[in-house]
Amino acid sequence: MPIFFCILAYLFSPIYLLFIYDKKTFTPFCICKFFCPAFAQKIQSPQEFLGYKLGEHFTPHYRIAEYFRYVASVSKNVKLQQFGTTNEGRPLLAMFIASDENIGRLEEIRHNNLKLAGIESGGGSTAMPVVTWLSYNVHGNEPASSEASMWTLFDMVDPANAATKAWLKNMVVVIDPCLNPDGRDRYVNFYNSVVGAAPDPSPTSREHVEPWPGGRVNHFYFDLNRDWAWQQQKETQARVGLYNQWLPQVHVDYHEQGYNAPYYFAPAAEPYHKDITQWQRQFQITIGKNNAKYFDQNGWMYFTKYEFDLLYPSYGDTYPLYNGSIGMTYEQGGISAGLAVVTRSGDTLTLVQRVAHHHSTSLSTLEIAALNTQKLLDEYKKFFDNSRANPPGDYKTYVIKNDNNNKINALAKMLGRNGIQYGFGLANKTVTGFNYVTQKTEQYNVGANDLVVNAYQPKAVLLHVLLEPKTFIPDSNTYDITAWSLPYAYGLKAYGLKESFKPASTEWSVAEPKPLVNTHAYAYVSAWQSVNDVKFLAALLKKKIKVRYAEKPFEAGGKQFTAGSLIVTRAGNDLAAFDQVVTQTAAALNQEITPISTGFVDKGSDIGSDAVRFIHQPKIALIAGDGVNSEAMGEVWHLFEAQIGYPVTLIRYQDLSRTKLGEFDVVICPDGRYEDFPSEKLQNWIRDGGKLIAVDNAVSLLVDKKGFLIKHREEKKEDKDKEKDKDKTVKLYGDRDRLALSESIPGAIYKLNLDNTHPLGFGLPDYYYSLKLNDDIYDLFSGDDGWNVGTIKKDSYVSGFVGAESKKKIINGLLLGVQPMGRGSVVYMVDDPLFRSFWENGKLLFSNAVFMVGQ
């Protein structure tokens with residue numbers, strides 16, 4: 001009988017075997033173990049478990065998760081952890097793999113890493129296993145790596161694999177099989193629904209053309225590989241939270257690129273950020289040479305040191321590098337390749353091949369890490385020792401002025417998620433430092449609630465990269481944006497101090513707003529300076545509370561209120577529970593509100609004057625679909641859906657012609673390439689009272705269109721003559737990439753002059769830092785036809801790479817404007833104020849466009 005149960009369990013599943021043992025007496029258990037040792041050791045390969053060879057079909061995410069759970073149930077050398085879920089409810093998984101000796105002490109190994117880094121006290125040992133972390137499939141339509149993750153997992157747990165067992169003696173391996181399950185399933189479900197009985201390798205076949213928005217992005221259409229530091233998305237917050245609990249010594253991020261490209265692996269291209277150590281550079285070469293050895297043996301094509309640089313801090317390779325790891329990106333050609341595609345060279349690239357390539361670099365990386373465990377741990381410790389004793393950069397203390405509690409709190413949370421230590425206030429209140437706004441060295445009196453970051457800490461490298469006012473760029477040919485300094489992104493004044501000062505306190509002294517009780521106010525006033533204020537407005541509007549705003553500053557009850565301040569009057573809100581609804585809504589959002597007992601103000605215009613405007617609750621349409629930049633659209637969607645909680649209707653652009661536009665007050669057109677834009681129907685809707693918000697390239701599509709004032713800034717005649725003379729110069733073909741950089745602006749910060757008396761500028765100072773991703777600039781409006789809200793002068797450049805020709809162009813023009821049109825209006829936003837959602841200050845600017853302009 002016991003032998004029968006053993007055979008039955010083997011044929012079906014080892015999980016069933018365990019179930020039988022739990023139900024029977026101890027004797028059959030012993031006999032079964034005695035007679036069936038081979039069956040207890042058997043672990044199914046992915047092919048055996050799935051029923052097909054890896055690469056013959058795309059595996060849905062749930063089946064990948066099932067395989068990982070299966071291995072966790074039958075292998076004693078693994079621990080599977082679900083560390084979160086996606087927006088669509090799919091599990092986020094990490095498999096920890098270790099030797100018999102180490103699997104039971106994973107927590108000891110984890111804490112040792114944190115001790116080596118100085119994050120935990122006690123001092124760590126370098127005589128411990130190294131931690132190597134493999135992250136697969138961050139972009140959903142780059143699916144080959146998730147298939148390879150199952151193969152790699154099997155190799156690491158297969159009892160018959162002597163090589164991997166040897167590696168695990170001194171190494172813990174972490175496998176994250178899919179960083180973006182929602183995007184992966186979007187792609188896989190698409191492909192499986194259109195492929196025929198056999199794949200069609202013709203590049204023109206529909207199976208190689210994804211429908212909008214494609215599988216690359218997550219549920220909210222965010223690129224998760226650009227979100228490591230900012231952590232705006234649910235998946236990233238969970239994953240980076242787990243990552244920072246471990247801080248591995250090696251991390252690899254697996255990707256695919258266009259299918260005509262060969263495989264890419266480390267070493268990376270220039271520019272490297274100057275804070276990346278010589279050891280990190282050198283070990284990238286060591287790993288790259290080991291990868292190359294196996295690719296050479298198989299005759300596989302590959303390249304290194306080209307295109308993929310190490311500068312932008314929010315990638316899956318740079319973020320680990322700035323956290324003491326050897327961070328790398330591996331790129332397999334394969335986007336849109338399906339199961340098979342004919343490449344430009346005439347070869348047929350298959351998913352089987354792509355999976356094999358990723359599998360090869362996975363094992364090669366693990367092999368070389370296992371051979372260098374002692375050096376990896378020694379250098380890891382050295383990285384963090386240097387961080388604590390000799391942090392990089394000129395500034396040893398950063399002071400961020402607390403002009404707004406909500407903004408400071410948002411920045412503090414972001415720093416905390418990244419493990420960066422901070423505090424508040426200084427014992428020495430008068431300091432001298434570099435003023436981020438004036439770009440000069442000045443004295444400053446530090447307030448008790450100003451945020452203070454001392455550079456002498458374990459995360460010194462990361463904080464320097466995130467807070468330095470100007471990014472040093474040794475080479476201008478970059479893959480992504482080149483400026484991101486957080487004080488500019490959050491719209492906060494900051495100072496860089498060359499001396500080291502410790503914060504006076506780890507807690508700020510701001511008292512939490514006290515809930516108002518038994519209040520019978522004439523009106524309630526709320527600030528309008530942060531996203532939290534927008535969230536409060538949205539909550540009131542959803543509860544059918546009528547809200548007004550002050551068009552000009554005023555004083556009441558001994559307090560000063562700026563233009564844009566929200567005013568909730570009893571008048572017009574005929575609710576018996578009016579006070580209760582307003583005060584409880586404020587308390588739920590931790591929002592400070594001020595009750596006033598009279599509409600007769602101390603200074604400024606009274607509450608009943610025409611300087612106090614009513615906010616009509618807007619019904620908003622967000623344009624989506626073909627032609628729209630899905631990531632730009634996702635930023636707006638996420639702002640409304642996940643951040644401020646206000647309803648927005650998504651409408652495909654191709655459906656706009658049959659949409660009842662009269663049902664909407666605002667139409668938002670994100671960056672995109674729209675055909676027949678703007679339609680006559682859309683123009684008539686604007687003239688009838690609608691508000692169009694055009695962002696990025698949508699602005700350029702309105703140039704020279706009847707009724708729209710926006711025009712490209714004309715070059716002066718002498719500039720055009722110089723351009724003609726320059727064209728006569730003989731250019732070398734080999735210099736073509738460098739010549740193109742003269743008109744490149746991959747992402748740089750400019751300081752705009754902002755008219756904050758206009759509703760589009762409410763709640764902001766008289767300047768605004770914009771992240772420019774192109775050199776578009778427009779003529780100023782003349783006369784009373786339109787409002788030049790955000791303008792730029794000759795000396796407005798702040799940080800980041802801008803090509804020489806583009807820098808000449810970006811002067812004396814318009815970047816933010818509002819044009820009245822009939823009874824409606826058009827808001828022009830030349831730069832994306834919501835870029836990747838980390839540009840925090842842009843959220844208030846965008847909210848002004850939605851809720852304030854045109855009221």
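The model discussed here is predicted.

Me: Which residue in S4 does Val 130 stand opposite?
Reply: Happy to start there. Across from Val 130, the residue in S4 is Met 171.

Me: In which sense do S2 and S4 run, parallel or antiparallel?
Reply: Strand S2 spans residues 91-97, and three bridges join S2 to S4. The sense of S2 and S4 is antiparallel.

Me: How many residues of S4 are buried?
Reply: Good one to check on both faces, with buried meaning under 20% relative accessible area. Met 171, Val 173 and Ile 175 point one way, while Val 172, Val 174 and Asp 176 point the other way, and all are buried. For S4 (residues 171-176), the count is six of six.

Me: Which strands are the edge strands of the open sheet of five strands?
Reply: Let's follow the order, which is S24-S19-S23-S20-S25 with antiparallel pairing. An edge strand here pairs on one side only. That gives S24 (593-596) and S25 (612-615).

Me: What angle does the direction of helix H20 make with that of S19?
Reply: In this sheet, the twist averages 30° from one strand to the next. Helix H20 (residues 578-588) packs on the sheet and touches S19, S23 and S24. Relative to the direction of S19, the direction of H20 makes an angle of about 15°.

Terms used: Residues numbered from 1 in each chain as written. Predicted model: local features only at pLDDT ≥ 70, side-chain atom pairs only at ≥ 80, totals over all residues. Heavy atoms only, no water. Pairing = 2+ DSSP bridges. Helix = DSSP H or I, 4+ residues; strand = E, 2+ residues; numbered from the N terminus. Axes fitted to C-alpha atoms, helices over the stretch in contact; angles between N-to-C directions. Contact = heavy atoms within 4.5 Å. Buried < 20%, exposed > 50% of the residue type's maximum accessible area, 1.4 Å probe, protein only.
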